[in-house]
Structure formats: C-alpha cells, structure tokens
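Q: Could we go through the salt bridges in this model?

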Amino acid sequence: MNFHSKLFVSLGFFFLSSTPKYAVGMEVGILGYELFLKETNTRDTFHPPGWDLQMSGNGQAFQKVSYLNRVSGESMFVGLSDKNKKNNFVWDLDIKLTTGKETGLKPFYLGKNNYIGFETSKFLIGVGRREHLFRPKSFQTSFDGGEGIFLEFLPEKNLTLQFFLWDRYSGSLLFEKDKFRNVLQNPTEPKVGLLEEPLINESSRNHHRRHAFGLLYGDYFKLRMGIQYIEFGTWGRYGKDSPRETKNSGADGDSLLNGNFGLGFDADIFEVQMDFLWAKGNDRTNSKIASRPGSIPISGEAVQLGAELRLGDFLVRSSHFLSDRDETNNKNQIIREGYVSFGSHPAQTPYLSQIFRIFPSAAVTESGFERNFSLQEGRCFGYLNELVLKFTYHQFVAKVVGAYFLPYKVDHPSDGRISFQKRDFENIFIGEGVMELSLNEDSSFEIGIGVSKLFLPESLAIKSNFGYVFGRIQI
C-alpha cells in the first residue's frame, strides 16, 4: 500500500507584549492516506433498502470497476495555539488553517477551545468557542461546544456553571474528526432514501443560533447536567417542508430542546461514566411519512455508558451508546420521532466517524437536523459500541480500537422505546477495527501509522481497507 504524505507548515505569531512568554505555539505536522473500496457481486441481497451505497449513486459505479479509485491524498494546515493570561485578560487559542475545498476540508478548524475573555477568581466572560463541560464523557473523543458569547461562574470549589448566551452552532467540527470526511466522494446526485427527503448538498455547511446552560460539580465523583435549545429556521433539509408555515415566515418553525444528566467517577486506576440523554421538540411537516399531517413531535431518549481501566502501561476502555427510535404505526408512518443529538460523532474510528459518518441517532450536524437510514451519512437509531486497547512503553504507543454499530429495524411498527431485544434490530451491522503505532514525546512530538479494516455482512457486498500516516512537532 502506498502512503502519500505532505509536510504541514506552521507559522508562529506573537501577541503585542514586552516579554516572549506570550508567544503563540508553533506546530509542524504530516498527514497522508489511501483507501481501497470494492463492491462484490453477491446473490445474497436481503438487506434493507438504503443500506448500501445506492443512495449516492456509488453502488452502480462499484459494479463496473474492481476498485473505486483506490483513493489517496494529503492535506495541509497552518496552525497556531496558545493558552495564557495577562492581568485579568485570558486567552485560549487553537486554530488550524487548511488548504480548503480542493482537499475536501473546511478553510479552518477551531480546537475544543478558542476564545478570549475576562476572568476573575469567580467569573469568566468570553467570546469564541468554549467546550461544553457538562456534556457526556463516555466516549474518549466525543465533543460539543458553543461558538459565540459565554459566561462561567465558579461560586464554590468544584462547581462550574456555564451559560452560552449566543452560540452560532456549526456542528462542533474538529479537524481530528473531519480530516478524512471527503475521502469517499459522491460521483452523482443522491437518490431518495428510505423514509427520507433528498439529501442536501454536502458542501453546504450552514450555521444557526443555539442557547445552552450546564453545570459540573465534583472532583473524583462528578455530577453533570445541561440543556440546549435551538430553533432551526430555514436551516437543514426539514426547515421548509411544511409549505403553509414556510409561506408566511420563510420557515416552518422546527425547534429542539436537548438535555443530559450524568454521573462520573474517576479514580487512579479506573473511571466510570453514565449519562441519560433526552430530546423534546417539534418537526412541522406535510410529508407522507407523518401519521398526522402538519407536525411530528420529537420525544426521544438515549443512554451512554463508559468504563476505563488503567494498569501501569495498559489502558482498556469500553464505551456504549443506545438510543430509542421513531414510534411508527402499521403503515410505517411516524407518530413520534426519536432522540436527536448535538455535537461531533462519538466514535473515533475513520469509517464510522468520518468516511461513512454514521451517527447512532438522528442528529443536528453542520447541515442542520438530519434523519437518514443509509450506509453513507447515516443518522439512524441504534446501538454503538467502542473498545479501546492501549499500551505505552516510554515514547512508544500501540493502540487498537474496535467499533460496532447495530441499527434498529425500520420496516415494521415500533413503540419507539429503547430496546434490548435482538428482534428489534436489523440483521446487518457495521464494524471496524483500527491499529495505530506511534512515537510520542509528551505533547510536543508525534509520528505514527494507522490501518483500518471495515467489517460488513456479505449481503452488503462491500470490502474496504484504509491506511494513513500522521505526525506533528511543536516548537
């Protein structure tokens, strides 16, 4: 397998200051990848409609060639980062400028925090991106954050209150979760999927206003709780699917309230995380998929569980996500929609989180509110599991990650509840195994290689392998 790589050139900048300790950090990195993707002819075609690549037109292309492109590529970014304080003025900056659309990336990516603000011992007001500290922590790489104006209060030790007064929500994209996003390109216009409207242009990455409040309390034992509210307006494929309301106001009034309540315990050698998530809202629509024309209520729940064990140089972490589903009648029309998530994809394996990007529930992404039962860009209810095994020896790190997604059935009546019964899930699955080997020197240097293998049932007739190299050095 040939790996193409390119050097990332990073520039350093300095704030106007009389001393050099306020210098912005400099970073140099490398990244390259190659994808093998093949569809094989099979007589076993008993799988649900949409659970192949036919939605994007790729399915027919696979039947005509032995491999789809054998895609390889590279990207480039210029990064700057710094975290410091001068008097009461505080900043936490982390941004990457990329080569842009020709590499399938956004022009820039913010880190988990990228803000400036004014801070006292009990209070912080800032502008920029700030991580939601109250969101679930079961998955290692899950993330959500606000981009706008925020307030933080620390009324007592180990208690943090966050208020996001205005958040220009953009899907909480991170470079680490988007760098392989456009490896698999869509050669033709998408087709209509199961129970869904046509997909919107993937390159259209809009923003919309969101408000949030949350609290985090504790030290070793933590309690977290939060709520987030958004009105979609004209944003997303469902923003204007009720013509009567759209004619009067330009949008049909869809809105969503999302919340979470969680507990966590982090000791020296082990960690346990548990979260209950819920969503309430309204999806105005005249679509035939609705049991009552005019509106579909959103009322969903999900649970997340995570456990980590650290024994010397070894780390084992197991993470789980299980959502509810749409409540449907005998005509397969929707009575009530299930759970809707915010933030980045919870998993960290390339196929599930980026190349196919299958969320384990409906989701509000950078493209708005999405529900889509398909292999590519799926937003489908089900069970997601991730297992991480990691070994560290001095600067050497070996990591193996396995991920597994099992979707609910969508072709029969459903009570809409969370289910643990095998009969309520499809007889197909999406699995992935990743191995990474790297050398690390604290946080200043890293270089490594990774390979990933996709596991699908024979009925889907798709085989694929993915490889990548990566590295960085901070000066």
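A: The model is predicted, so local features need pLDDT of at least 70 and side-chain atom pairs count only at pLDDT 80 or more, while totals for chains, interfaces and linings use all residues. Residues are numbered from 1 along each chain as its sequence is written, and side-chain values use heavy atoms, with hydrogens and water left out.

Q: How many salt bridges does the structure hold?
A: The structure holds 27 salt bridges, each being a side-chain nitrogen of Lys or Arg within 4 Å of a carboxyl oxygen of Asp or Glu.

Q: What does Lys 96 form a salt bridge with?
A: Its partner is Glu 176, with the closest N and O atoms 4.0 Å apart.

Q: Which parts does that pair tie together?
A: Lys 96 is in strand E5 (residues 89-98) and Glu 176 is in the loop between strands E10 (159-169) and E11 (208-218), so the pair ties together parts 80 residues apart in sequence. Strands are DSSP runs of at least two residues, numbered from the N terminus.

Q: Is Lys 96 buried or exposed?
A: Lys 96 counts as buried, at 13% relative accessibility. Buried means under 20% relative accessible area, exposed over 50%, and partly exposed in between (1.4 Å probe, protein chains only). Glu 176, at 45%, counts as partly exposed.

Q: Next, what about Arg 135 and Asp 144?
A: Their side chains meet in a salt bridge at 4.0 Å, N to O, and both residues are buried.

Q: Which residues are linked in a network of salt bridges?
A: The network links Asp 178, Arg 181, Arg 357, Glu 366, Glu 370, Glu 377 and Arg 379.

Note on methods: Helices (H or I, at least four residues) and strands (E, at least two) are DSSP runs, numbered from the N terminus.
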